[in-house]
Amino acid sequence: MKIITLLTLFGSAASFTTVAVSKISTAVNALEDMAGSTAPIKAFDPMGLATVGSEETLAWFRAAELKHSRVAMLATTGYLINAAGFHFPGNLSSELSFADLAAMKPIDAWAAVPDSGKAQILFSCFVAELVSESKETHYMKGGPLPTVVFPPIDFSNVSEDTLRMKRNRELNNGRLAMIAMMSFISEANIPGSVPALSGIASFN
């Protein structure tokens, strides 16, 4: 009786292991085929996020990464331009000029923006998100990934190979921009946390 029980448990465990290994293998294959899986580290997924949930979940993760990449690239570009001493002329409000904002740390600058200004920024983000998500076939159902809302870019005449290269570049540059932006904010609020930026006035 004990032997039968042990064989049953072993069989169940082996079956579970086979399913788990199969799921991981399928996830790795899916990652290798996705845009952004480039040398020197292909299918980079140390936390195993590709194995969490279904294919729809993986598509949601990819869309989230893509959106954050685009925002981070804009943020990094804006930060560097501001650090170089360039900013909009005039005033943001009757009591706050763009020059005043440019002299502040990022988090302090956001806090200084009037509530009405914050509301306009957040509403613009909401509209962009709504437009990108309101597609005939959602990306979680096999549709295309979110595109740039403004300005709209037409890639209809671009070859598949060129388009894949551009997608790889967008994701890789976006990943670098996310790291850069986190570094800028860390150094601005915790001096010395990013040694490469220590001592540079624009980041302290």
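Helices are DSSP runs (H or I) of at least four residues, numbered from the N terminus. In this predicted model, H68 is found in one such run, helix α2, which spans residues 55–83. H68 counts as exposed because its relative accessibility is 51%, and the cut-off for that class is over 50%. The C-alpha atoms of H68 and L171 lie 9.7 Å apart, although 103 residues separate the two in sequence.

**Overall architecture**

The protein contains 6 helices and 2 strands. Read from the N terminus, the order of elements is α-α-β-β-α-α-α-α. Of the contacts with a separation of 6 or more, 55% join residues 24 or more positions apart. Buried residues account for 21% of the 204 residues. The protein exposes about 14,200 Å², and 67% of this area is supplied by carbon and sulfur atoms.

| Helix | Residues |
|---|---|
| α1 | 2–33 |
| α2 | 55–83 |
| α5 | 115–133 |
| α6 | 160–189 |

**Nonpolar core**

In soluble globular proteins, nonpolar side chains tend to be buried together. Here the largest nonpolar core has 8 residues, namely Y79, A180, M181, F184, A188, V194, L197 and F203. Helix α6 provides the largest share of this core, with 4 residues. Apart from neighbours within four places in sequence, F203 touches Y79, L80, F184, E187, A188 and L197.

**Confidence**

The mean pLDDT of the protein is 79, and 82% of the residues score at least 70. Confidence is highest in strand β2 (residues 96–97), at a mean of 91, and lowest in helix α1, at 49. Over residues 5–24 pLDDT stays under 50, and the model has 3 contacts beyond four places in sequence for this stretch. Where pLDDT is low, the predicted coordinates should not be read in detail.

Definitions and conventions
Residues numbered from 1 in each chain as written. Predicted model: local features only at pLDDT ≥ 70, side-chain atom pairs only at ≥ 80, totals over all residues. Heavy atoms only, no water. Buried < 20%, exposed > 50% of the residue type's maximum accessible area, 1.4 Å probe, protein only. Contact = heavy atoms within 4.5 Å. Areas by Shrake-Rupley, 256 points an atom, 1.4 Å probe, with all protein chains shown as cover. Core = buried A, V, L, I, M, F, W, Y, C linked by side-chain atoms within 4.5 Å. pLDDT = per-residue confidence, 0-100.
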